[in-house]
Amino acid sequence: MRPAADTAVPISVEPSTGVQRLPPRPAAAPVGPSLPDQTDSLKRELDETRRALEALQRQLEDAHRDLAAGDQQQAETQGELATARGDLEATRDALEAARSQLEQDRAHLQSLLESLARARADVHQLVGSLEKTAVRLRAVAKTAPYRLAHLLRRIGMDVITGSRRDRNAALRWLRRRLVGRQTPQEQAKNPLLDEVAALWRAQETLAGLTDEIRRISSDAETPQLSTPASDARPTERGHTFRSTVGGTRSHSKRLWGRSALNPYEYLFDRYRRSRDRLFPISWQRVSVPFEPKLVSIVVPSYNGTDFIREALDSILSQTYAHLEVIAIDDGSTDTTGAILDAYARQDPRVTVVHQENQQLPRTLSRGFQLARGEFLTWTSADNRLKPTCIEKLVDALQRHPDWDMLYANYDIIGERGEPLRDTKWLDAYQAPRGSEHIRLPRDTAELNVWPNNYIGGAFLYRARVAWALGDYSPARVLMEDYDYWMRVNELMTLRHADFEDCVYEYRVHGGSLTSKDHELGITRNRTKLMVFDDFRRSFHLSKTLWVVTADGSAPAKQLAEALEARVRRAEHVLMSAEEMAEMALPRLWMPTAWVHVGAGSVRPPQRPPIGDLAAKILVSTAGPLELPPSADWDTLISTGQARGNALPRVGSGYAGWWSVGDVGDLFTLCDLRAKNRQLAEIELQANTRTDRLAASAPKVSVVIGATPGSVALQRTLRAVAGQTLARSQYEVIVVNTAPHDPFARHAVAQIRAECFGDTPDQIRLVDCPFPGLPHAQNAGLSDARGEYVVFLGQNTTPSAQCLEWFLRGFEEHPNAGVIGGHVRLQVPTPRPPACPAGREALWHQFLTAHTGYVEATEWWEYPYPDNWAARRRALVEIGGIRCNWGHTGADFTAGQEIAAASLVRQLGHDVAIEPRAQAVHAVDLDGYTETYAAKAIYAGITAHYRLQQCLYLPRRSLSGLWRDLKRASLSALRDRTNGRCERETENSLVNKRYDREIFRARLAVFRLAMGDLVRRSRRAVTNG
């Protein structure tokens, strides 16, 4: 009989070798089965053997896959080990550098200890002086008890009778009280903030303490309760200065055997290097219309009868005779006009202009618009030029064709023209001390960042400077020259003359503007100029909107394509005229250049729909063209190599043909022309006082930046529409950051129909083609009509009374410049693992312990941008939100609201918090990731360091950054150690990862600081 199928003997496997063996064949029976039966049996055995072999094949394939996975895991492990080894090497290098710095600090500490020994005697003397000061202050306390009560208590308890530690702490506090800008609200700070401030002060270095003790020793003789005005005279080397933006100014230190740039010089040097890299130009290849070798001298005069003759005689007697003198009588009421007319009849080089009084900036601008010379200068009617002044200045510029402007040393004279010796006038620059000779600094790295106008009256600049920069600013009366020199220094080349001779005589008398500095507030207004120039430098590094068109000629098309390629390479915004016609672009903070390239066509093309502030530039590839009178162009540029007289003027002023060398120069020149028009309008608005806005204008403008596809935008708009504030008191401006995406346009149209049907003009859409939150905020600020501007995030839902509390805060506190509200994070349920308790600030939660309006006195108290309000005028005065800060795409850089608040406070306004102006911030569930949190941590720490480097915040020393790094490393190490002893939860693991991210960010900041320390030892761009 055939054996049953289920009785077949299975394949046996030896466990020792893992090799499968076939079962033994059965022994032959005495009487064998038939041949068909044997065949069937063999087939069954073969099938079973085949199945066993297939199972073995599958096992072998599984084994191969396991081996491949093991190899991949081993490779990943080796990669992680290599990365860790690299981090270890980098940390070791940083530790070595820190150890070297520590050795230097130890040597410096020894010298400071010796200095402290000498300073103790000064402290004892100071204590005695403070006792006398306390007596004097008690006598004055009756007039201002709310300002002096706390001061007298601290003096009496901590300085006179306290221990040495208490005395030192009180001395530091007293210094801030004497020279700071503190308010009565600052005396009632939260005790927790006092503890934080005490911890921050405890981290100050011994060098800083010594400097403060010395400063207090010098200031204690004349105590004040408000910020003293900066003296017009420069301070002697070795002193420190109060910053105009933040921190203190210190002079250069010796680093690796050479003089290192101080923080102010380093700040401006970084700007110049960025400007030269982003907008390279060779001004030698750029030319404007002028008469070669002619020197044009503008002499503005108002009631200058006493000295005008001496000034004109000194000019007309110059050894350099190729001159033209443009004397302007600025509405004088004495005999100045008659004197000028008499000189014009005697010397044909003198041209006289009579006008109504327009003040100095407009007078200078009118004179230089009439100038025809290759070289330009101006002089006051009460000063004198030495006989060789112009000759030496012209020779110096001709020796240095790459210099655009130079200045030279001068002498000071008295009212009768005698040398003025043994005076305090610019005593730090007198050489030798007590003489009339003023030797000016040779480096201009501090000219734009520290309020000290040391460019005297001996200067000369090329005609291309006047054509590139335009008029003197009418908004800078009494500081028009300083403002102009700053503009030259940040865009062109300004140098000290290559000789030391004094070629000019500056008259010091009771009627001069400089002598009336305190009365006219010249020095007081320099702070505003410093803040606005900080914006101006930031604006000059920003992007421009371009529209490039061309006629049908081949050369024009080729040049237009090259210019478009240069625009794209610079990552600016390039649009067509059709695209601009579909957009609602803001008027300000949007530099726009329309460049039309032609090759001989004089017919102006159809003007695209650009704003009134856009620069309209005609570029000719066939040389200067004869244009019809109706041609409306701001700038005419020829790509030929014509110079001087070969370039014709077209009309009055700076209307005429430029000549450029290549496409790079053309790109930079067009960009500059577009930004100058914007800057002039912003500056005019910032300095034009308007008491009342239009009666129909709303009080509050709400600005919301919209990104494509955000479903939260409509929720935010509905919450704004449901405010308890009267509908006529506010407007809504939605800034579309993706103009080509119709989402925001549809959302605004829907909300307008649902909530603003009766007042559709109260909600508007503004397109902003520039990426980044600061650009969107400035676009909304440009179109805002309200006196106060509230910035909300598109994921932020304000409470019903939010706008009402903001409006009440500004109206009840007239000095408030910035007010921030609370922002509560709406955490989903269940809580995402990436957002453990206590880490909500990474997703923009801002909550304080305050219940009512309170002033923020320290930078870490400043509010967040998702629920942030400011006076529109204050924001315009600082130049708006800085465009080089803020979140842009994958770049998480933050800090634009801290920079703006710091600058607003520098102008004398308060920064405050109104907790009752509440809002809820909702984040999509996909946004709660550890990657986002890690980027936010890194961005916050590095942005804080950048804010210090830009002098918006007090600077931390390298040793302070090293202490921060050590604390972060100890925290990360402690978390790792605790994890071995305790049972780890998901939240604890996330917190440990975040602590490691903090350590990595601190390490990155320390590396940045080390790199900055090295770069500070290089030669400044302004020093050649």
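Modeller: A polar contact is a pair of N or O atoms within 3.5 Å, where one atom must be able to donate a hydrogen and the other to accept it. With that term in hand, we may turn to this structure, which is a predicted model.

Biologist: Which side chain joins that of Arg905 in a polar contact?

Modeller: The partner is Tyr862, and the contact between the two side chains spans 3.5 Å. Arg905 itself belongs to helix H23, which covers residues 896–906.

Biologist: How far from Arg905 is the nearest side chain of opposite charge?

Modeller: That side chain is Glu855, at 4.5 Å. A salt bridge requires a side-chain nitrogen of Lys or Arg within 4 Å of a carboxyl oxygen of Asp or Glu. Arg905 is thus a buried residue that has no salt bridge.

Biologist: Which polar contacts does the side chain of Glu324 make?

Modeller: One runs to the side chain of Ser296, at 2.4 Å. The Glu324 side chain also reaches the backbone nitrogen of Arg372, at 2.7 Å. Glu324 sits in strand S8, residues 323–330.

Biologist: Why does Glu324 count as buried?

Modeller: Glu324 is buried because its relative accessible area is 7%, and the term applies under 20%. Asn736, in strand S25 (residues 730–736), counts as buried because its relative accessibility is 2%. In sequence, Asn736 and Gly780 are 44 residues apart, yet their C-alpha atoms lie 9.8 Å from each other in space.

Biologist: Let us proceed to charged pairs. How many salt bridges does the structure have?

Modeller: The general idea is that side chains of opposite charge can pair when their charged atoms come close. Here the count comes to 51 salt bridges. One of them pairs Asp62 with Arg65, whose closest N and O atoms are 2.1 Å apart.

Biologist: Where do Asp62 and Arg65 lie?

Modeller: Both are in helix H1, residues 35–140, and the 3 residues that separate them amount to about one turn of the helix. Asp62 is classed as partly exposed because its relative accessibility is 34%.

Biologist: How are Asp964 and Arg967 placed in their helix?

Modeller: They are separated by about one helical turn because they stand 3 residues apart in helix H25. Asp964 is buried, at a relative accessible area of 12%, whereas Arg967 is partly exposed, at 40%.

Biologist: Which residue does Arg349 pair with in a salt bridge?

Modeller: Arg349 pairs with Asp347, and 3.0 Å separates the closest N and O atoms. Arg349 is partly exposed, with 22% relative accessibility, while Asp347 is buried, with a relative accessible area of 14%.

Biologist: Which residues are linked in a network of salt bridges?

Modeller: Such a network links Asp483, Arg487, Glu490, Asp533, Asp534, Arg536, Arg537 and Arg882.

Biologist: Is the phi of Lys293 positive or negative?

Modeller: Phi of Lys293 is positive, at about 65 degrees, although the residue is not a glycine. Lys293 is part of strand S7, residues 291–301. Leu951, likewise a residue other than glycine, has a positive phi near 65 degrees. Leu951 is located in the loop between helix H24 (930–949) and helix H25 (958–981), and it counts as buried because its relative accessibility is 2%.

Biologist: Which residues line the largest cavity?

Modeller: The lining consists of Val286, Ser287, Val288, Phe290, Glu374, Arg462, Ala463, Arg464 and Arg643. By class, 4 of the lining residues are nonpolar, 1 is polar and 4 are charged.

Note on methods. Residues are numbered from 1 along each chain as its sequence is written. This is a predicted model: local features need pLDDT of at least 70, side-chain atom pairs count only at pLDDT 80 or more; totals for chains, interfaces and linings use all residues. Side-chain values use heavy atoms; hydrogens and water are left out. On a 1 Å grid over the protein atoms alone, a cavity is a set of points where a 1.4 Å probe fits but cannot get out, and a pocket is an open set with protein on both sides within 12 Å along at least five of seven lines; lining residues have an atom within 4 Å of a point. Ala, Val, Leu, Ile, Met, Phe, Trp, Tyr, Cys and Pro count as nonpolar, Asp, Glu, Lys and Arg as charged, and the others, Gly among them, as polar. Helices (H or I, at least four residues) and strands (E, at least two) are DSSP runs, numbered from the N terminus. Buried means under 20% relative accessible area, exposed over 50%, partly exposed in between (1.4 Å probe, protein chains only). Lys and Arg count as positive and Asp and Glu as negative; His and the chain ends are not counted.
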